[in-house]
Every structure is written in C-alpha cells, then in structure tokens.
Amino acid sequence: MAVTDFFAGEIATELLKQLALIARKSASCRSSAKQLMDYINDLLPIIQEIKLTGNELSQHRQRQLDTFSQTLSGGLELANKVLSSPRWNVYRNIRLAQKMEKLEKNVSRFLNGTVQLHVLADVHHVRFDTAERFDQLNWKLGAMKIGVDGDGGCLGAAVKRVEEQERWCEDNLVNLGCTGLELGKMKVKEMLMANHHNVVGIHGIGGIGKTTLAREICKDDQIKSYFNRVFFLTVSQSPNVEQLKSKIWETVSGSSIVGNGSMGLLPQLKFGCDVESCARTTLLVLDDVWKQSVVEQLLIKIPGCKILVVSRLKFPPSVVDCSYELDLLAENEAMSLFCHFAFGQTCLPVSVDEDLVKQVVDECGRLPLALKVIGASLKGQSEMSWTSAKSRLSRGQPLSESHQVQLLERMKMSIDNLSETERMCFLDLGAFPEDKRIPLHILINMWVELHDIPEEEAFTVLVQLSDKNLLTLVKDARSGEKYSSYYEISVYQHDVLRDLAIHLSNDGPVNLRKRLLMPRREAGLPREWERNTDQPFNAQVISIHTGEMGEMEWLDMECPKTEVVVLNFSSSEYFLPPFLERMPRLRALILINHNASNAHLHNTSVFSSLTNLRSLWFEKICLPLLPDTTIPLKKLQKVSLVLCDISKTVEEHSVLGLALLFPHLSELTLDHCINLTELPTSICGMPTLTSLSVTNCDSLEALPAELGRLSSLEILRLSACPSLKRLPAGVGNLDRLKYLDVSQCVNLGGLPEKIGGCRSLEKIDMRECPQMRRVPESVAFLHSLRRVVCDEEVSGLWKHMEKARPGLCQVPQECFTLDWLAD
C-alpha cells in the first residue's frame, strides 16, 4: 500500500484517534503517542500535495514510501494492542511502551532522512510544473468551454479550491482562534436586534475583514430569523447615488421607480405608510461606503427597516447610531491564518524556521488580507525567499488607518514572485471598476490580445493568480453545482488588491506608463493627463471611468501604442472618444455602461479606423447603425453584446450586413439583449463562426432556418430563451457542433429530428426544459456524446442510450439563490 493511499483512507484518521486515546489513558506511552501525532499531522498536508500532483515516482522512491506506509499500518495495530492491554499486566505494558518508542524513532528517522526530503522537494517542484499540472491544457480548454468534463478542468478545480477555502474560513471562524471576528459578529448582532438602533456601523482599515464580517452576519441563522429579508448592496468609492436610491426603493418596496422617480425618494420613504408596512423587519447592508455625504443620502428612517453601514470611516452619531470597530487580529490568530495559507495547516510545521515565520507574520501587520495573500505567495518557496520577503516587508512603516501607502507597499511583495506574464495580467485588473465582477470572457480576451498568449496560457495565469489569492473566481449560482462551462464564471478582486494594481501601474511619468487607469468615476479625464497631452502616451491599456461625455470633453490625445481600451461610464448618451481614430494598434475595445437605461452612442464613424480590432464588448448599449462608409472589420473575431438593445441593427442588417461587416468573426455572444425576437439571417453567412451564444433573451421566438450553413460552428448556446419553442431542422447539419445548450428554454418541445447528424456533439445541456416530451431516434447516431445534463423527469427519455453508455445523464443539484441579481 502506497503512503498516499494510507493518508487517503481511514487508517490515518483511525491511528490519530487511537494515539489521542493513548495520550490520555497510558502514562507509559503518552510521550511517544503525542510525538507520533505531531509527526502525522505534519505529514498530512505534504502527502496531500503528493496526491494532487498525480505524478508517478521512481520505483526506488515508491518502495521507500511503501515501506513507510507499512510501518504506519503496523503502528495502528500496535496502538490497538496498547489500548487493549490491562493495567495489571505490567510486563506487557513495558514491552508495548518500548515498541512505541521504537516506532517513534523509525518515523523520526524517515522524516529527517536526506533522501526523503529530496523526494518531497522533487514532488513539490513537479506540482508547480505548468505543463504537468494542467494535464494537456489545450484539450482541457475545449472541455472547459463546453463543460464536458464533470470537474471543469483546471479552471473548475480552481473554482472548487476557492469554494473550499471560503467554506474553511466560515467553518473555522472560531476554531482558527479568530475571536475578533466572532466577537464582532456577536456585538453587531446585538446592535442590530436592539430596538433603539436603526443604523449600525462596522468600521476598520482596508483589508481587515469588514465585508467578510458583514457577509457572515447576513448568513447567520439568528439574523435571518429576526429579519424577514436581508439585502446586501455595495456602494463603492465612486457611486451613482441616484441609481443606488432606486435600488434601495426597489429593495424596500418591491416596486420599480419609473423615470426620475428617485428624486423624491426620501420624503416618500420617510412618511409613506405602505412602504413602512412592507419594509418592517428588513435589514439593508450598505457595504464599502467612502463618504459621509453619500451615506446621508442613502439612509432611510423607517421603523422595522435597519441599516448596516460598512466603511473604513467611523461616522458620527448623527449618521450612525452605534458602530463596531474591527480590530487587527491577535498574535495567535494572525499566526493561525497565515499558516493555513502558507503551509496548509493552522500551526507551524516542525521543519520551518519558527523565528523567521513569526517575523514575516509580524510584518504583515496582523491584517487578514495581507496574511492571506502574502502567505499564499510564499507557499513552497525556499528559505532564502522567505528571508528576502521579510526584508522587503520590514521596509514599511507601522500600519494604521492613515498608512494606506505602507499597506500597499507590503502587499507589493506578494507579486514579486510572479512571472512577468502573471505580473502584467495582475496589473491589468486595475482597468476594471471596483466592487464589480469581471466576466471571465472579457479578461481572457484582453490577456490574449494584450500579451500575445494563447487562451490556454491565459487560463494558466488565471488559475495561478487565484491560487495565490490575488483574485477570486466566482461561479454563477444559476449554473448549478457541476457541469458548467467557463462562461458561467467571473472574476472578483478585493478593492485593496485593485488599489495595489493601480498603485503599481501609476509609478513613473504619466506619458511613459504602460497603463493609464482612472481609479474611480470622475466627471472628466484626470488633470494629470490633460497637462501632458503635448507628448504621446505610451500606454498599452487605457481605462476611463466617467459619466456622460460630449465631443468637447475629450482630450486631444495621441496614443500610438494602445492595444486595449476600457470605457466605463454611466449615462444615456455617450460620445465615443475621437482619439480612438488615432490608435492604429487597438485590438480590444470594451464599453460598459453602468446607467439604469441603455446608452445611445455617438461618433460611431471611429469604427472605420479600427482596422486591427479583434475583440469588441458592448454592455447596456443601444447598438448603433454603423455608417455606410464603415469598412469591413476583417480582423474582428469576437463580439459580445450584453444587455444591449439591438433591434434596429437587426432590422438593418438582416440580409447581408453582418456577414459583410465582420467577415472573419469566430465568436458571437448575445446576452440579455432587449427586443430581440429573431436573429438576423445574415448570421448564417458567417462561415468562420465557431461559437454562437444567445442567452437570457426572453423575446427570442425563432432562429434562422438556414442555421445549418454555419459549417464551422462548435458551440451553440441558447440558454434561458423562454419564448423559443423549436429549433430549426438545419441544426442537424452542424457536423462540427460539440456543445448544444438549451437549458431553461421552458417552452422548447424537443430536439430536431435529424439531430443525429451532429456527429461531433459531446454535450447537451437541457436543464429546466419542462416541455421536453421526446428525443428523436436519431440521437442513437450521436457516437461522440459524453454527457446530457437534464432534470430527473427528462433523464428517462435517454434510458435507451444509458444502457450502452452508463452515466450519460447527469442531474445537477438545484440552486434557488438570487444572489446573482445584485450584479
């Protein structure tokens, strides 16, 4: 039996239990039992790492491990003998004590042997070898896109690790020794449930765990039973107050505001009897509040509706009735948290330099975020790296609320061990707004275009950054527990880490920076940019975050090296920046409108100059009619339209337009698009299209009859289109199709009769299709089909195929959470 098998089974657990009993009951064997427990606990995380690599050891090294495994198995038998030996048999107990001492020495000799240290070191290095770690990532990338493999490939595994870390932190809030968080949870709960407190606060420095505490309170059973409803709303550093007022109104009253109704919100909230009755026993959490003036505008004074304000600032009693200050972790708490992320256990391993680790922990300032990120960055590093990290950390000043720069300088150390590509990709995250989820599709496309790396390498970088806690992968709750694709995953970054990315990107003269980033929403462009327009800007990435922009509000900027532009704005009218015409290298353009209504774009003539554009993302835009002078965008490969009104464009380009404008398009995504009743037939004239995703379009009634002409199509996603009742027969001609997603098409009656013609089809997702009555006989010809995701009642339609292919149908766990609506 291999040592990995020993630790994977119940033997190790049983041995630890027996040793614990011996330590309590047997005086003669107590010392040996305690020492053996320490050895095994130290080995558990290391053996787990060996298991996770999946790599085979040499025969010589495997024999050594097998011998050690047999030694420990014998130890379990010995432990049972010790516990069963009667106290009066002194001679037997002495012999057993001698055997326990011998076992302890054998285990110690094994652990301290030079050969075994080399074995563990080699396995660790193999674990971090990218090519082996991701198991033919080229193939797995395709599997992730369609979710064919049940675990979602390396990306699915990374998401799973994130979820496990979150569960661990929740389960170990007390076990870890984090009495500060537990005490804070208890205190804030008392404040919220006190009759005389309507507005309660949580305050503390950045990265200390305020949001974590607030979310824990929201999930607390006592809070959920006390309040009928609990809502969590992120305010952020540059909020749109009017939109937030509208959201609060909808949250409290359950009805939407029409037009500019939010202007009269506060008087209505304060004195409306109907609102008071519906808002009673409601908890509203306002997270990440930066200004007193903002929170004053958002507070509502209604009996039964209480507000929890989470901020770095302590607001006066005139605003917040009472507030709890979240303090730094205690020394033992900080050490436990750091060890979990650095060593995979909550205590110091025997083999490490205790003084060095304590010095590093002290230099992290007992901040949970710093301990988490820096601990993960040092995991598996040499002692020299630890010493270097300690030296770099010690250059900062003592942390306090006024030392945000020193915090960022400490956090900077966490990216020093990244590769150059990983570092650049981390810094790119500063281009996106705070407290917003970043669609994975945007980020991967951006990295591919900006750093000239293939998609599989971009995914490798993503997983590496996630494992180092520099970003968080979040799975859409609607996708169920398993069998989801990477389209249902987004990226979230803590605002302190985003501040770090911006802090590092803003180093040096503004004209020489690789990234021009606006940290928060402003009325216009930064003065620093305006003062330097006499020289070209060398930035590869430009991220702008404003409100409405007219033609005269843009600067005359020369940006000859810019490859990615991210335009975040909040407005119903938006004039595209004229300097886009002078960006010959522009490859990716991202427009995201954060306004309540869709924006009308002006100056669309700039598209005639974007001849090198390869990726385009529009969000909450009224898609414009491009001028007749617009030349074909021959290099454009990916177009994503999210929450867009594209009805006019569809009518205009229904016959020829789209195929002529985008002759080499490979991926087209339409999500939550407004007034889309049918797809333009010109889509069928795109021979290079490999992925067509039309999701959450509730008005879509029909697909083009000629859809079968898409000879290169591999992915067809039609999820959550409730008005769609049938698929065109031509779908059966898509012989390269690998993935068909019709989940949540609640009125879809069946699959096309000739679906068997899709000879490459690997996965069909048909969850929540209650009208699905039959599957055609031609499915028997789907020889490549590996997985059908469906509800229990629909799985019976596939029984005739499951006989030949056991496990073909998978019934995912239902998920009813509506947390995703907040985004």
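How many of the 823 residues of the protein chain count as buried? The share is 54%. The model is a predicted one.

**Overall make-up**

The protein chain holds 30 helices and 24 strands. Its accessible surface comes to about 36,700 Å². Carbon and sulfur atoms account for 49% of that surface. Among contacts in the protein chain with a separation of 6 or more, 65% link residues 24 or more positions apart.

Helix 17 covers residues 331-343. Its 13 residues should span 18 Å at 1.5 Å a residue. The end C-alpha atoms are 17 Å apart, which agrees with that expectation.

How many residues of helix 17 are buried? The count is 11 of the 13, so helix 17 is largely enclosed by the rest of the structure. The buried residues are Glu333, Ala334, Met335, Ser336, Leu337, Phe338, Cys339, His340, Phe341, Ala342 and Phe343. Gly344 follows the helix, and the phi of Gly344 is positive, near 75 degrees.

Helix 19 covers residues 368-377. Nine of its 10 residues are buried, so helix 19 is also largely enclosed by the rest of the structure. Its buried residues are Pro368, Leu369, Ala370, Leu371, Val373, Ile374, Gly375, Ala376 and Ser377.

**A partly exposed glycine**

Gly74 sits in helix 4, which runs over residues 59-84. Is Gly74 buried or partly exposed? Gly74 counts as partly exposed because its relative accessibility is 32%. Leu103 lies 29 residues from Gly74 along the chain. The C-alpha atoms of Gly74 and Leu103 are separated by 9.0 Å.

**An antiparallel sheet**

Strands of a sheet pair through backbone hydrogen bonds, in either a parallel or an antiparallel sense.

Strand 8 covers residues 489-492. Two bridges join strand 6 to strand 8. Four bridges join strand 7 to strand 8. Both pairings run antiparallel. Individual bridge partners are known on each side of strand 8. Ile438 stands opposite Val491. Pro439 stands opposite Ser490. Lys475 has Ile489 as its bridge partner in strand 8.

Strand 14, residues 599-602, pairs with strand 16 in the parallel sense over two bridges. Ala599 has Ile621 in strand 16 as its bridge partner.

Asn568 belongs to strand 11, residues 564-569. Why does Asn568 count as buried? Asn568 is buried because its relative accessible area is 1%, and the cut-off for buried is under 20%.

Which side chain makes a polar contact with that of Asn568? The partner is His594, and the contact is 3.0 Å. Leaving aside neighbours within four places in sequence, Asn568 is in contact with Ala431, Pro433, Ser543, Ile544, His545, Thr546, Ile592 and His594.

**Cysteines without disulfides**

How many disulfides does a search of the whole structure find? The search finds zero. Cys697 is in no disulfide, and the nearest cysteine sulfur is that of Cys673, 4.9 Å away. Cys809 is in no disulfide either, and its nearest cysteine sulfur, that of Cys790, is 4.2 Å away.

Cys697 counts as buried, at 0% relative accessibility. Cys809 is buried too, with a relative accessible area of 11%.

The table sets out the relative accessible areas of the single residues discussed here.

| Residue | Relative accessible area | Class |
|---|---|---|
| Asn568 | 1% | buried |
| Cys697 | 0% | buried |
| Cys809 | 11% | buried |
| Gly74 | 32% | partly exposed |

Terms used: Residues are numbered from 1 along each chain as its sequence is written. This is a predicted model: local features need pLDDT of at least 70, side-chain atom pairs count only at pLDDT 80 or more; totals for chains, interfaces and linings use all residues. Side-chain values use heavy atoms; hydrogens and water are left out. Buried means under 20% relative accessible area, exposed over 50%, partly exposed in between (1.4 Å probe, protein chains only). Contact means heavy atoms within 4.5 Å. Accessible areas come from the Shrake-Rupley method with a 1.4 Å probe; for residues, only the protein chains shown count as cover. The expected span of a helix is 1.5 Å times one less than its number of residues. Two strands pair if DSSP finds at least two bridges between them. A polar contact is a pair of N or O atoms within 3.5 Å; within protein, one must be able to donate a hydrogen and the other to accept it, and residues adjacent in sequence count only if both atoms are side-chain atoms. A disulfide is a pair of cysteine sulfur atoms within 2.5 Å.
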